[in-house]
Amino acid sequence: AKFHSDDPAFTPEAIDMTVQAVEQIMRRFKVMKVKTIGSTIMLVTGTDNDDVRTRQEQVSSMMDAAIMIRRCVFQGRLRIPGLHYRLGVHCGPCFGAVIGGNGAVFDLFGDTVNTASRMCSTAGDGWIQFSTPVHTI
C-alpha cells in the first residue's frame with residue numbers, strides 16, 4: 001500500500017491511524033506487514049512455515065485484504081483528505097534476510113518484490129493493481 005500527500009494534514013498521527021487500520025485488516029486475512037517506509041507499507045502472505053493454505057488461498061487472502069483496505073481505508077471514514085492511496089499486488093517467490101550490522105533490518109528481496117512495487121507505483125489513486133500472475137490464480 002502506498003500513501004502520498006502534499007497536504008499539511010498528512011501527519012505522523014494520520015499515518016499511524018492508517019497503518020493501524022491496515023494492521024487490523026491484515027490480522028483478519030492472515031497477512032503480515034514486513035515494514036513501513038515513509039508512507040509505503042509492504043505486506044506479504046505465505047511466508048509462515050505454519051501456513052498450510054494453498055497458494056491460491058494465500059493469493060485470495062491477499063486480494064480480500066486489499067479489497068477490504070480499499071473499502072475501509074481508501075474510501076471509508078479513515079480516508080484522510082488530500083492523501084493519495086494505491087495498492088499493488090503480485091505473487092511469486094522471494095527471500096528474506098536481515099541486512100546490516102548496526103541497525104540491522106529484515107527485508108524481502110527478489111523480482112516478486114520489485115514487480116509488486118511497480119504495480120503499486122503505477123496504480124491510479126484509490127486503485128488496486130493486480131499483476132497478470134495474480135489474475136490467473
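A: In this predicted model, the largest nonpolar core has 24 residues. Val22, Ile25, Val31, Leu43, Ile69, Val73 and Val89 touch the most other members. Several elements give two or more residues to this core: helices H1 (12-29) and H2 (55-74), and strands S3 (40-44), S4 (84-89) and S7 (127-130). H2 supplies the largest share, 8 residues.

Now take the two helices together. A helix pair is described by the angle between the axes and the distance between them. For H1 and H2, the angle is about 145 degrees and the axes lie 9 Å apart. The crossing of H1 past H2 is right-handed. On the H1 side, Thr18, Ala21, Val22, Ile25, Arg28 and Phe29 make the contact.

Next, helix H3, residues 111-121. Thr112, Val113, Thr115, Ala116, Met119 and Cys120 are buried there. They sit on the same side of H3 because they cover an arc of only 165 degrees around the axis.

Finally, look at His90. This residue is in the loop between S4 and strand S5 (95-99). His90 has 19% relative accessibility, so it counts as buried; the cut-off is under 20%. Its side chain joins that of Ser131 through a polar contact of 2.6 Å. Leaving out residues up to four places away in sequence, His90 touches Thr112, Thr115, Ala116, Ser131, Pro133 and Val134. Thr112, Thr115 and Ala116 are among the buried residues of H3.

Technical notes
Residues numbered from 1 in each chain as written. Predicted model: local features only at pLDDT ≥ 70, side-chain atom pairs only at ≥ 80, totals over all residues. Heavy atoms only, no water. Core = buried A, V, L, I, M, F, W, Y, C linked by side-chain atoms within 4.5 Å. Buried < 20%, exposed > 50% of the residue type's maximum accessible area, 1.4 Å probe, protein only. Helix = DSSP H or I, 4+ residues; strand = E, 2+ residues; numbered from the N terminus. Arc of directions from axis to C-beta. Polar contact = N/O pair within 3.5 Å; in protein donor to acceptor, adjacent residues only side chain to side chain. Contact = heavy atoms within 4.5 Å. Axes fitted to C-alpha atoms, helices over the stretch in contact; angles between N-to-C directions. Left-handed = near helix turned anticlockwise from the far one by under 90°.
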